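Please open the model in your viewer and keep the selection panel at hand. The tour moves from one selection to the next and says what is found at each stop.

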Amino acid sequence: MFTTVSSATVLGVDGQPVTVEAHVSTGLPGFSIVGLPDTACREARDRVRAALLSSGCRWPQKRMTVNLAPSGVRKVGSGLDLAIALALLVADEQLEASCLEGLGAVGELGLDGTVRGVPGIVPAVDAVIADELVVARDVAHLVGLVSDAEIRAVATLHEAVAALAGEDPWPPLPPRPDPDPPARVPDLADVRGQRAARRALEIAAAGGHHLLMVGPPGAGKTMLARRLPGLLPRLDAAQALAVTKIHSAAGLRLPADRLSTEPPFRDPHHSTTMVALIGGGAPTLRPGEVSCATHGVLFLDELGEFPPHVLDALRQPLEQGSIRISRASASVVLPAQFLLVAAMNPCPCGEANRPGHCRCSDRERARYRRRLSGPLLDRFDLRIDVTRPDTNRLLGGEPGASTATVAARVAAARARAATRGVRCNAELTDARLEAATSLDAGATALLDTALRVGSLTARGLTRVRRLALTIADLAGAEAPLTSEHVGMALALRSEPLAASEAA
Amino acid sequence: MKGADVGFVTAIASLPKVGPARLGRLLDLGEPGEVWERIRNGTLGDEPGVVESLGARSAPLVASWRDHARAMDPERLGRLHHDLGIRLLCAADAEYPEVFRTDVEPPRLLWVAGDIGAVRSPAVAIVGTRRCTRYGHDVARRFGRELASAGVTVVSGLALGIDAAAHAGVLDADEMGAPPVGVVGTGLDVVYPRRNVGLWHSVAQCGVLLSEAPPGATAEPWRFPARNRLIAALADIVVVVESTERGGSLYTVDEAIARDVEVRAVPGHVTAPSSAGTNRLLADGAAPALDTGDLLEALGVTVEATGGSGRPDRPVYRDPEEAEVLDILTTGSVTFDELAERSGLGLERLGLVTARLQAEGVVQRSGGWYERRG
C-alpha cells in the first residue's frame, strides 16, 4: 500500500518541503530509501526499525520503499525519521490511512522510540505544508512560534501512534519553560575614559557604520565592542524570525519559548576557517559566523591575525548583505547583514601608535600592514585609534552615559534615517546621500582643504559625508551639515596604521 | 689606486667575514694581485704566521676563501666600479680626505660615489634614532637645511628617521648650500634601507656617498658601528637629535668623544622614550643644541644676517580654541581624549579644531596621537 507524510529538510537557512512516500508490498523483505538521502538520512533505516520495535509496533516482513520527493533535492540529517516511521506504519496498515490527512512530522527517532528535535528545526517546520504538525516535546514551544499548524508535541513514537490510532488523546503541550533570565548585556557606563571611542560606538550603532579599532593590547577594544549590541535597536518580529531561523540552521542554542529580539553578537576566533566564517560547510550548506551575526554585530578581534583570504571573502557580504554559496550539488543565498566591528594592534608589539615606543622592525610593521587589503579597509567608515586610558581616569573619573541613554539617542537618530526610507544611513545609496547631505559654507571649506592637502581622498569623501550625516542625526540637527559635523567625522576616520612618520 | 688593483682589492674585501682589521692584514702581505693569487691557490696559509695574524678561528675561514675566490672575477669587479661610477680611494691617493689621515682608526679603503670635494670642514654630523617622532624629524630637517645654507657640511648615515630627515633638509637648502655627505654601511650599489632610494641617489648626485664596504656588500650588523666611527671622524660637531636610552647613535657619540669631537644633544620631553638618550647626554654634560645659531657659533662660522635661520612666520591671530589646542600640544604628543579633557571642548568642536589645524599642516596625527609640527 502507498501513503505520504509531509516533512521538510534544510538547505542553507531555508527549509525545503519534502513529501515522504512509503510503499509496502509483498516481495522479498527489504527496506530502501531513495531520493538523494545523505548519510545521516540513510541511517534512518536502522533508527526507524529499532524505534518501531521498541514502541510495540510490527516491523513488516515485506518489500518497503521510501521515496523522499522531490527526488532532485538533497535530503540532509535525521529530521525525516519520524515522518518515515509514520508513513511506514500506515503503508503497512498498522494505522488508518485517514489519520495522516493534513499531517506533517519533523523529528529524529532514538532507538528506544524517543522523538528529538534536530538542528535547523525552525526553518524546517516553517516549510512543512500541513495542518497538524508532530514534533518533539522539548521544541514544541519554539516550533509554535513559527508554524501556523496545530502543534502535536510527543515525547515518544508510541505516544504519536497511540494518538493517531485514537487510543489516547494527543498529550497536552508541555508547560511553558521558565523564561531564560534576560542576558546581561554589559553596560556602556562601565567604560571609563575613552570618550572618542564611546562616541564612535554610538555613531556606529546609529548609522550602521562598520568600525575598526586600532590600539595596543589592554586599551579596551574588546570591552568596547561587547557593548555595541546593547546600543542597537531591538529586532522587529521579521528580523527576530530571520535570526532564529539562521541560528537554528547553524545549530546554535536558542531560547526555548520566544524569538530572541536581542541583536546577535558573534566573535569568531582568528583561527576560524573560511567555511566556518562564510558558511557552506556540511551538505546542508550550513550558515557561517557572518550569517549568524545577521541583524547584529560581527566582532573580529585581532583582525591582523586572520588569514588574508578569509578576510577578503568578507567583501561580498559587506557589499551585498548576503553571500551566495555554490557547490556542485546546490547553491544557496545566505543572509549576512551585519555590523562589522574589528580590532587590531597597530603592529606586532602593539605600541606603534605612540611615537617613539614601538620595538618592531620596519619590515615587521610593513608585513603586518600588508595583511589587510585596501578594499577591506575601505569598508570601514569609522577607523579610530584606541589608546590605553590613564590610570587616574580608570580609578576616579565620572562614568559616562549608560547604555540605556545612548540607545535612546541611537533610536532617535535611526528614526530620522527612517524618514529617508532606510533603516540606517549606511544603507543610503550614493545618490540619495548626496541629496541628504547639503553642506554649509564652513563644512565645504573644511572638506576642500582636507582634499587639497591630501588628508582626504575622493573615495573617503563620500564616507565622511555619510558619517557626518549620522553625527548630525545624533545631534538632532537639520540640514545642512556644519563644519563641526564634518570635523568630528574627520577625527573619527584616521588613516589606519599610518606608515612610519619619518618616511 | 691603480686600475688593476681596484678589482683585486675589491675581491679581497668581498670575501666572507673580512672586516677592516682582516682586510688591513691581508693587504699588508703584498701586492693585491699577488695576495689574491695566494688566496685563490689556497697557499695563503703556507707561510708561517699568516693565519695566526688574521685572528682567532681563522684557519677554516682561510680554507673557505679558496672556494669563494674561484667563483669571483676581479677583472669584472674592476669594470663594475667604472660602470657604477664608484671610485676606490686609499691613503696613497691624493684625494683621500685629509681628515682621515690624522684619524686614530682611519679607513684603509674608501669607496666613493659623487664628488669627494664635498668632504670638507666645517662639518656637522646629525644623527639619531630611526624611529623618530615628528618633533625630531622636524628639528633634524631644519638643522640640515639651515646648516647647509650657512655653508656647513652636513654628515649623516642615510638611515631612516633622523638621518634621512637631516639630509632631506640639506636638499631643501638652495643651490649655494654645502653639499651633503652620506656615510653608509653597505656597498654603494646596495641601497639600504630601500625606502631611502630617492634620497640616496640625490645625495650621491648633489654631494658624496662614502662607504668602507665593497660594492655588493649587504647590510650586516657589524658594519654600522664602523660606519658611525667614520661619521664621527668627519664631523667637527656631532648633534644627536633624538635617541633612545640605548640607541645606535650613542656609538657615534662614543667615537666622537674618543676623537675629541664636540657632542651636542637636542633636548626632548623627559617622558619621551625617543629622547631618553639625548636627555641623558645633556645630564652627563653635553651642550644642548637649541638652534643653528648655537652650532654656527661653536664652529666659528658667521652668517650674513639675511634671516638664514629665520623661522616660518606664524599667523599672528588664531582663534582662541585653536590656540588652546596648539598650546596643549607643545607639551608633546597627546591623544584625542586627553585633548578633549584638557581643552574642555566638546568632541565635535575639537574634531573641527583638529581637522582645521591638520589641514593647515600645523598639527599631524600619527596613530591616535596628535603632534605639533615645526
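Begin in chain B by selecting B:I162 and the residues around it: leaving aside residues up to four places away in sequence, B:I162 touches B:I126, B:V127, B:G128, B:T129, B:C132, B:G136, B:A140, B:V241 and B:E242. The model is a predicted one, and that should be kept in mind at every stop. B:I162 lies in helix α9 of chain B, which covers residues 162-172. Is B:I162 buried or exposed? With 34 other C-beta atoms within 10 Å, B:I162 is buried, because 20 or more such atoms are enough to count a residue as buried.

Buried residues account for 49% of its 374 residues. Among the contacts in chain B between residues at least 6 apart in sequence, 72% join residues at least 24 apart.

Next, select helix α15 (residues 320-329) and helix α17 (residues 347-360) of chain B, whose axes come within 10 Å and cross at roughly 75°. The two helices, α15(B) and α17(B), are therefore roughly perpendicular to each other. To see the contact itself, show B:E321, B:E322 and B:V325 on α15(B), together with B:R349, B:V353, B:T354, B:R356 and B:L357 on α17(B). The residues of this contact divide into 3 nonpolar, 1 polar and 4 charged.

Then turn to chain A, whose secondary structure comes to 22 helices and 18 strands. Of the 503 residues of chain A, 50% count as buried, and residues 24 or more positions apart account for 74% of the contacts with a separation of 6 or more.

Within chain A, select helix α21 (residues 458-475) and helix α22 (residues 483-491), which pack at an angle of about 120° with their axes 8 Å apart. That angle makes α21(A) oblique to α22(A), and α21(A) passes α22(A) in a right-handed crossing. On the α21(A) side, the contact is formed by A:V464, A:L467, A:A468, A:I471 and A:A472, which meet A:H485, A:V486, A:M488, A:A489 and A:L490 of α22(A). By residue class, this contact of α21(A) with α22(A) divides into 9 nonpolar, 1 polar and no charged.

Stay with α21(A) and check its length: at 1.5 Å a residue, its 18 residues should span 26 Å, which agrees with the 26 Å between its end C-alpha atoms. The buried residues of α21(A) include A:R463, A:R465, A:R466 and A:D473, as well as A:V464, A:L467 and A:L469. As a set, the buried residues of α21(A) pack against α7 (195-207), β18 (382-385), α18 (403-418), α19 (430-436) and α22 of chain A. Step just past the end of α21(A) to A:G476, which takes a positive phi of about 75°.

For the last stop, display both chains and select their contact, which takes 36 residues from chain A and 36 residues from chain B. On the side of chain A that touches chain B, α7, α20 (441-453) and α22 each supply at least two residues, and the largest share, 7 residues, comes from α22(A). The residues on this side of chain A divide into 15 nonpolar, 14 polar and 7 charged.

Technical notes: Residues are numbered from 1 along each chain as its sequence is written. Chains are lettered from A and ligands numbered from 1 in the order in which they are written. This is a predicted model: local features need pLDDT of at least 70, side-chain atom pairs count only at pLDDT 80 or more; totals for chains, interfaces and linings use all residues. Axes are lines fitted to C-alpha atoms, for helices over the stretch in contact, and angles run from 0 to 180 degrees between N-to-C directions. Helices (H or I, at least four residues) and strands (E, at least two) are DSSP runs, numbered from the N terminus. Angles under 35 degrees count as roughly parallel, over 145 as roughly antiparallel, 65 to 115 as roughly perpendicular and the rest as oblique. A crossing is left-handed if the near helix is turned anticlockwise from the far one by less than a right angle, and right-handed if clockwise. Two residues are in contact if their C-beta atoms, placed from the backbone, lie within 7 Å. Ala, Val, Leu, Ile, Met, Phe, Trp, Tyr, Cys and Pro count as nonpolar, Asp, Glu, Lys and Arg as charged, and the others, Gly among them, as polar. The expected span of a helix is 1.5 Å times one less than its number of residues. A residue is buried if 20 or more other C-beta atoms lie within 10 Å of its own, exposed if 12 or fewer, and partly exposed in between; C-beta atoms are placed from the backbone.
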